[in-house]
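Trainee: Could we go through this structure by question and answer?

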Amino acid sequence: MSTMKQNDSKIRFDLQIIASWIEPRSKVLGLGCGEGELLHFLKKNKGVTCTGIELNEDKVAKCVEKGLTVIQGDINEEVLDYPDDAFDYVILSQTLQQIYEPGELIRSMLRIGKRGVVSFPSFSHWSVRLQLLITGHAPITKELPYGWHNTPNIRVIALKDFRRFSRETGFSILREVAINTDHHEKSGNIIKLFANLRATYGIFLIGKGKQ
Amino acid sequence: MSEYIEHDKTGVSVGIVEKKFFTFAQPPKEMTLENGSTLGPVTLAYETYGELNPDRSNAVLIMHALSGDSHAAGYYNNDDAKPGWWEIMVGPGRGIDTNKYFVICSNILGSCMGSTGPGSINPETSKPFGLDFPVVTIGDMVTAQKALIDHLDIERVLSVVGGSIGGLQVLEWCLRYPNRIVSAIPLATTPKHSALTIAFNEVARQAIMADPNWNNGHYYGGAKPDLGLAVARMIGHITYLSDESMRHKFGRRLQDRSDFSFNFDADFQVESYLRYQGSKFVERFDANSFLYITKAADYFDLTRQYDSGSLVKAFSRAMAKFLVVSFTSDWLYPTYQSKAIVKAMKKNGLDVSFCEIEADWGHDAFLLPNERLTALIKGFLERVYNETE
């Protein structure tokens, strides 16, 4: 386990890791970009050309006010309009667990982008396992804070499952990091040992074709 | 577009402004129009607010809609009852900040607010043109605006901004003079009129042409087709609102009475409102200009114009950075039409932002005070201005 301390502590720890993977002056599409925290950071600090897609009008407006390029719309539909390899990276941060057709979306991401970045809260963290085992209730954690009846998270993903999914769907994992942090924290830990059990989030850099 | 602006109480304004005139295309160098005919001399009425910066890079060109004019902001004198039509958006510290930008707004070709149109004197006959005025297009309007920009010695306009028919001009600018603009803000607009929009315009035109006073467009100096123009305006006002906004604004409430009149007076508030809007409009607008401008808007079709057959190919000429905005309750230019524009821009790798603003007020929403719209325009303009430096 190594503690990562970044110079810029303004953005979330998981976003700091993603930002560290993005080449300066590249072209990035952020799917479900929220208020544009990551894109704004990339634009300001790495000279990245950014576009965001976000469904929520308030968040879209916040992005435009920050000087970002953003399109209001459904990510599953909006990705269809871009030409092949239009971006160097297409980022799907903390959203995969809410996607109805994850295979379709990842295929689109790797069509319009040369590489993809996917991050999600891990459902195989020990606290999740323990809750179900001991209490018999559907687990609720900091990272997965919803009840069964109101959760937007329709996919239950473990790090191991995502690796298997990459083999089945036919894309490659170029880099992966498992982290343990409350994602609102500005710092966190990278988990190397027993990641599937101990990590709260997984972040993957993915590429076209099989490994 | 409707008229909403009453006297501004905040006191934030560009203040006293002046309507200016620019005349060009003097014979024999007349302007060649899209329909092949020539027109000249051509005069555009225009106003400017704010200061042009030393490198002439802070110009924002505003395009008005059907019934607007060059008077986007400010007052003509201290006794002026009303400011310009977009006072809420244009002024010191406002969405289009006149402390930062040099704002230009001109009256469109074919209109009647100081620019050359069917009510102007035909130099060949020394009488008003009437229907001898050539049928101008949105492209012709933009060509005339570009002559004004040349005259003002502005190489590249920082942004072209407009809603509704003003938005059609914005889109035309992007394809006709792509290297003369840095960015564009088309609001509540469309790449081409739908059958629904053409249908409303046609009914409005028929109302004018059915008025006996219209007299094939030759009514200048005599009785004007006021009744026809008033009905045309009433139809327009229906399309500018929405089911929701009319329910809020009028419902089935009666006007100055407690029961039905059992005759054909204006019983309902909505009737009274439409009659008032119609009668107010005829005082200031020329019926023939209404015919010409609505026809130009109906003809507008970007896919046909840039003989490509597809909106995607049409936008391959564009270079600007875009902010496209639509409104949820706009049924005249619904969101799907703005989305078609956005899609074509995306396919061409253009820098485009899009926002659909939740608003109950129908097509007119772009003219009403809206903090969201103001913030979007302000943020977008700041960004494109910073990126040109």
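This is a predicted model: local features need pLDDT of at least 70, side-chain atom pairs count only at pLDDT 80 or more; totals for chains, interfaces and linings use all residues.

Trainee: How many helices and strands does chain A have?

Mentor: The secondary structure of chain A holds both kinds of element. The totals for chain A are eight helices and nine strands.

Trainee: Why does chain A count as being as compact as a globular protein of its length?

Mentor: Along its principal axes, the C-alpha trace of chain A spans about 50 × 35 × 35 Å. For 211 residues the globule rule gives 17 Å. Chain A is as compact as a globular protein of that length because its radius of gyration is close to that value, at 17 Å.

Trainee: What share of the contacts in chain A joins residues at least 24 apart?

Mentor: The contacts considered are those between residues at least 6 apart in sequence. Among these, the share joining residues at least 24 apart is 64%.

Trainee: How many residues of helix 6 of chain A are buried?

Mentor: In chain A as a whole, 42% of the 211 residues count as buried. Helix 6 spans residues 126-135 of chain A and is hardly covered. Of its ten residues, the number buried is one.

Trainee: Which element of chain B gives the most to the side that touches chain A?

Mentor: In the contact between the chains, 21 residues of chain B meet 14 residues of chain A. Helix 10 (335-347), strand 14 (352-357) and helix 11 (371-388) of chain B each supply at least two residues of that side. The residues on this side of chain B are nine nonpolar, three polar and nine charged. With seven residues, the element that gives the most is helix 11 of chain B.

Technical notes. Residues are numbered from 1 along each chain as its sequence is written. Chains are lettered from A and ligands numbered from 1 in the order in which they are written. Two residues are in contact if their C-beta atoms, placed from the backbone, lie within 7 Å. Helices (H or I, at least four residues) and strands (E, at least two) are DSSP runs, numbered from the N terminus. Ala, Val, Leu, Ile, Met, Phe, Trp, Tyr, Cys and Pro count as nonpolar, Asp, Glu, Lys and Arg as charged, and the others, Gly among them, as polar. A residue is buried if 20 or more other C-beta atoms lie within 10 Å of its own, exposed if 12 or fewer, and partly exposed in between; C-beta atoms are placed from the backbone. The radius of gyration is taken over C-alpha atoms; the globule rule is 2.2 Å times the number of residues to the power 0.38.
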